[in-house]
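Reader: I have a model open and would like to go through it. Can you take my questions as they come?

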Amino acid sequence: MKKIIFTLGLLIATVAFAQAQIDILNDSVRVIRPKKRLSPIAIASYKKGDTYIKITYGQPFKRNREIFGALVPYNQVWRTGANEATEITLTKDVKIGNHILKAGTYTIFTIPNPDEWTIIFNKSLGLWGAYDYEKVKAQDVLQVKAKVSQTKDMYEAFTIKLTEAPYGVDMELIWDRTKVTLPIHFIE
């Protein structure tokens, strides 16, 4: 029995070691870095005064694929990135459309369509993709529509930008040649 447990432990350690890069700095200090992801984690952030917004998302790449309407189907809930569902953190209440979104952390889901997207803010956190959206959709706190435009440049990587605007920021979701802009108004 001890031999089986030891062998199983050795197997688990070998798999963990194979999935990480280890730098030995000296006899007592080691740095372990996880294996590089195909869709790395990216962060968009903006701070003005005591209003701070941070969006954490998985950043997939186009890789010669057709994106919207194919890889990301129209009229279906999307995780708005890759891997873990995208999350936004707000330090103060903001106004989106005619609605107030309270300070806090939310998951962002989207429903892409050719001319207009639905952007969903949901209280459930720590989700993998949008696979369990049907189980958590009762926790939606806000759904708003955002217009789609086309960019002149092609974006290889899915990118979220927070661009300063007179009223606060525009949250821009950009991939391939598609850009979706959602105005976020700061409340004084």
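Reader: What is the mean pLDDT of the protein?

Author: This is a predicted model. Its mean pLDDT is 87, and 81% of the residues reach 70 or more.

Reader: Where does pLDDT stay under 50?

Author: Over residues 2-20. For that stretch the model has six contacts beyond four places in sequence.

Reader: Now the sheet. What is the strand order?

Author: The order is E3-E4-E5-E8-E9-E10-E11-E6-E7. That makes nine strands in an open sheet, with antiparallel pairing.

Reader: Which strands stand at the edges, and why is one side of each left without a neighbour?

Author: Strand E3 (41-48) and strand E7 (99-101). Each has a single partner strand, so one of its sides has no neighbour in the sheet.

Reader: And the twist from one strand to the next: what does it average?

Author: The average is 35°.

Reader: How many bridges join E9 to E10?

Author: Seven, between residues 116-122 of E9 and residues 140-165 of E10, and the two strands run antiparallel. Tryptophan 117 has alanine 146 of E10 as its bridge partner, and isoleucine 120 stands opposite glutamine 143 in E10.

Reader: What about E10 with E11?

Author: Those two are also antiparallel, with 11 bridges, and E11 covers residues 168-186. They form a hairpin with two residues between the strands. Threonine 163 stands opposite aspartate 170 in E11.

Reader: Different topic. What volume does the largest pocket have?

Author: About 300 Å³.

Reader: Which residues are closest to its centre?

Author: Leu71, Val72, Trp78, Arg79 and Gly81, out of 15 residues that line the largest pocket.

Reader: How does that lining divide into nonpolar, polar and charged?

Author: The lining of the largest pocket has 10 nonpolar residues, three polar and two charged.

Methods: Residues numbered from 1 in each chain as written. Predicted model: local features only at pLDDT ≥ 70, side-chain atom pairs only at ≥ 80, totals over all residues. Heavy atoms only, no water. pLDDT = per-residue confidence, 0-100. Contact = heavy atoms within 4.5 Å. Pairing = 2+ DSSP bridges. Helix = DSSP H or I, 4+ residues; strand = E, 2+ residues; numbered from the N terminus. Axes fitted to C-alpha atoms, helices over the stretch in contact; angles between N-to-C directions. 1 Å grid on protein atoms, 1.4 Å probe; cavity = no way out; pocket = protein on both sides within 12 Å on 5 of 7 lines; lining within 4 Å. Points joined across faces, edges and corners; volume = space filled by probe spheres on them. Nonpolar A, V, L, I, M, F, W, Y, C, P; charged D, E, K, R; others polar.
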